[in-house]
Amino acid sequence: MGYIGGLAEVRGRLQIRSLLARQCLAEFLGVFVLMLLTQGAVAQAVTSGESKGNFFTMFLAGGLAVTVAIYVGGNVSDALQNYTGGNLTVTGPKETASIFATYPAPYLSLKNGFLDQVLGTGMLIVGILAILDTRNKGVPAGLEPVAVGLLILTIGLSMGANCGFPLNPARDLGPRLFTYVAGWGPEVFSAGNGWWWVPVVAPLVGAALGTATYQLLVALHHPDDSEPARDIAVARL
């Protein structure tokens, strides 16, 4: 009883009453888990010359990281310094900036990259809305994060080669600002013909289009709750 009472007292002292503050803390921890696992997988592949990871492991880690981050919240390492010789580069065979933010493949233009991100984010939103739509097939309660993680993995495996499928401004802009101040310098914004704004703007457009697509083609056409009973009554007549 003393132990339980002690826990209750500690909980009473530390528990935050503000809903907004609790939401911010949970969001902070969820994003931290997402970025740590995602970028850790990329760092492992890049710094090992893909001997300890490749595109599949990076995409798989990204999908699973989303799953874990959703469940959790609803210093550059010595290995990196050894790999680069202390020269933090954005381009070239030993670049490490892509560990943190996304950059386009050499063949990808800004226009095509923008379209890539609009389409990828639109597909993400359509999938998430379908997963959460209780009037659609849905998934068993509690398994929504797993379904979303598999959706992320599928998008990465099918569309990730062009630019690493950021799909979310928070996934790219924050880490890019970090690399800017941590030693990679202003090239993180000029690389890829000024690519930095595409992962910020294009997902916003894709999310809006994906939402509109699902609503117009699926959600608005669900039968009313009374329609099945009316259909049975008509059939009996």
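Which side-chain oxygen reaches to within 3.0 Å of the backbone nitrogen of Phe56 at the start of H3? Some notes on that and the rest follow.

1. The oxygen belongs to Asn54, whose side chain reaches the Phe56 backbone nitrogen at the start of H3. For the record, a polar contact here is a pair of N or O atoms within 3.5 Å; within protein, one must be able to donate a hydrogen and the other to accept it, and residues adjacent in sequence count only if both atoms are side-chain atoms.

2. Housekeeping before going on. This is a predicted model, with local features needing pLDDT of at least 70 and side-chain atom pairs pLDDT 80 or more, while totals for chains, interfaces and linings use all residues. Residues are numbered from 1 along each chain as its sequence is written, and side-chain values use heavy atoms, with hydrogens and water left out.

3. On the overall fold, I see ten helices and zero strands (DSSP runs numbered from the N terminus: H or I of at least four residues for helices, E of at least two for strands). Of the 237 residues, 36% are buried, where buried means under 20% relative accessible area, exposed over 50%, and partly exposed in between (1.4 Å probe, protein chains only). The accessible surface is about 14,100 Å², and carbon and sulfur atoms hold 66% of that (Shrake-Rupley method, 1.4 Å probe; for residues, only the protein chains shown count as cover).

4. Back to H3, which spans residues 55-73. With 19 residues, H3 runs 27 Å from its first C-alpha to its last, close to the expected 27 Å (1.5 Å times one less than the number of residues). Its buried residues include Met58, Phe59, Val66 and Thr67, along with Gly62 and Gly63. H2 and helix H6 (144-159) are among what covers them, going by contact, meaning heavy atoms within 4.5 Å. Just after H3, Gly74 takes a positive phi of about 40°.

5. There's a nonpolar surface patch to look at: Phe28, Leu29, Phe32, Leu36, Leu37, Val68 and Val72, together about 650 Å² of accessible area. Patches are made of residues with over 30% relative accessible area and no salt bridge; like charges are joined within 9 Å, nonpolar side chains (Val, Leu, Ile, Met, Phe, Trp, Tyr) within 5 Å. H2 (19-47) and H3 each supply at least two residues, and H2 gives the most, with five. Val68, in H3, is partly exposed at 36% relative accessible area.

6. The whole structure has one salt bridge (a side-chain nitrogen of Lys or Arg within 4 Å of a carboxyl oxygen of Asp or Glu). Asp172 and Arg176 form that pair, at 2.6 Å from N to O. Both sit in H7 (residues 169-184), four residues apart, about one turn of the helix. An α-helix has 3.6 residues a turn, so residues three or four places apart point the same way. Asp172 is buried at 0% relative accessible area, and Arg176 is buried at 0% too.

7. H8 (residues 187-194) has Val188, Ala191 and Gly194 as its buried residues. They pack against helix H5 (110-132) and H7.

8. Two backbone angles I'd flag. Glu50, in the loop between H2 and H3, has a positive phi near 65° without being a glycine. Asn193, in H8, is also not a glycine and has a positive phi of about 60°. Most residues other than glycine have a negative phi. Glu50 is exposed at 52% relative accessible area, and Asn193 is exposed at 68%.
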